[in-house]
Amino acid sequence: MATAQVRVLFILLAVSLAEDVKLKYKPASKPVRLFTEEELQRYNGREEGQPIYMAVKGVVFDVSRGKEFYGKDAPYNALVGKDSSRAVAKMSLNPADLTSDTTGLTEEQLESLDSIFEGTYKAKYPIVGYTAERLLKEDGSPNTDFKPEDQAHFQIKDEF
């Protein structure tokens, strides 16, 4: 009889602890979405109360938490509302570098891009979506030639 009571107590304790563990892992509150260039421009940090989004390597991050860096009149505001992969790789705010095009970057710049992508953006800011440019052609049809594994410095772990 005492053994049965101990088992019941153990089971109740295990279930209780399992519930505590479950609560620590929250699913994303919003599903990620696909952003066109025009849509992403709306989240440029210039409108009070609007989230601030920035894309790096085609991944759109909500950088609102870093408003002092990315908000209106902030030092890195030029990077938001667009995919600024080239500028991040080159650590540049030159308007010509505010693009997703990484063509012609040096190996060192590409490594810098990967490092900043992993160590800063993925580590600090939630992913809210992806740029349509990664997945769609200019006419909006699916880019069947797009293969993530063929992209420069793509790693499947970038997606998760």
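Colleague: Which residues do ring pairs link into a cluster?

Modeller: Ring pairs link Phe61, Phe69, Tyr70, Tyr76, Phe117, Tyr121 and Tyr125 into a cluster. Rings of Phe, Tyr and Trp (its six-membered ring) pair if their centres lie within 6.5 Å; planes under 30 degrees apart count as stacked, over 60 as edge-to-face and the rest as tilted. The model is a predicted one, in which local features need pLDDT of at least 70 and side-chain atom pairs count only at pLDDT 80 or more, whereas totals for chains, interfaces and linings use all residues. Residues are numbered from 1 along each chain as its sequence is written, and side-chain values use heavy atoms, with hydrogens and water left out.

Colleague: How many aromatic pairs does the structure hold, and why is the pair of phenylalanine 35 and tyrosine 53 called edge-to-face?

Modeller: The structure holds nine aromatic pairs. In the pair of phenylalanine 35 and tyrosine 53, the ring centres are 5.5 Å apart and the planes stand at 80 degrees, so the pair is edge-to-face. Phenylalanine 35 lies in strand β1 (residues 33-35) and tyrosine 53 in strand β2, so the pair ties together parts that are 18 residues apart in sequence. Helices (H or I, at least four residues) and strands (E, at least two) are DSSP runs, numbered from the N terminus.

Colleague: What makes phenylalanine 35 and tyrosine 53 count as buried?

Modeller: Buried means under 20% relative accessible area, exposed over 50%, and partly exposed in between (1.4 Å probe, protein chains only). Phenylalanine 35 has a relative accessible area of 2%, so it is buried. Tyrosine 53, at 8% relative accessibility, therefore counts as buried.

Colleague: What angle lies between the planes of phenylalanine 61 and phenylalanine 117?

Modeller: The angle is 70 degrees, with 5.8 Å centre to centre, and this aromatic pair is edge-to-face. The pair links distant parts of the chain, with phenylalanine 61 in strand β3 and phenylalanine 117 in helix α5, 56 residues apart. Phenylalanine 61 counts as buried because its relative accessibility is 0%. Phenylalanine 117 counts as buried, also because of a relative accessibility of 0%.

Colleague: How do you know that a charge sits over the ring of phenylalanine 117?

Modeller: A charge sits over a ring if NZ of Lys or CZ of Arg is within 6 Å of the ring centre and within 35 degrees of the ring normal. The charged end of lysine 57 sits over the ring of phenylalanine 117, 4.6 Å from its centre. Likewise, the charged end of arginine 33 sits over the ring of phenylalanine 35, 4.1 Å from its centre.

Colleague: Which members of the largest nonpolar core touch the most other members?

Modeller: A nonpolar core is a set of buried Ala, Val, Leu, Ile, Met, Phe, Trp, Tyr and Cys residues joined through side-chain atoms within 4.5 Å. Of the 21 residues in the largest one, Met54, Val56, Phe61, Val63, Tyr70, Val88 and Tyr121 touch the most other members. The largest share of this core, five residues, comes from α5. Valine 88 is found in helix α4, and with a relative accessible area of 6% it is buried.

Colleague: Why is one side of β1 and of β2 left without a neighbour in the sheet?

Modeller: Four strands form an open sheet in the order β1-β4-β3-β2, with mixed pairing. β1 and β2 stand at the edges, each with a single partner strand, so one side of each has no neighbour in the sheet. Two strands pair if DSSP finds at least two bridges between them. Three bridges join β1 to strand β4 (residues 127-131), and these strands run parallel.
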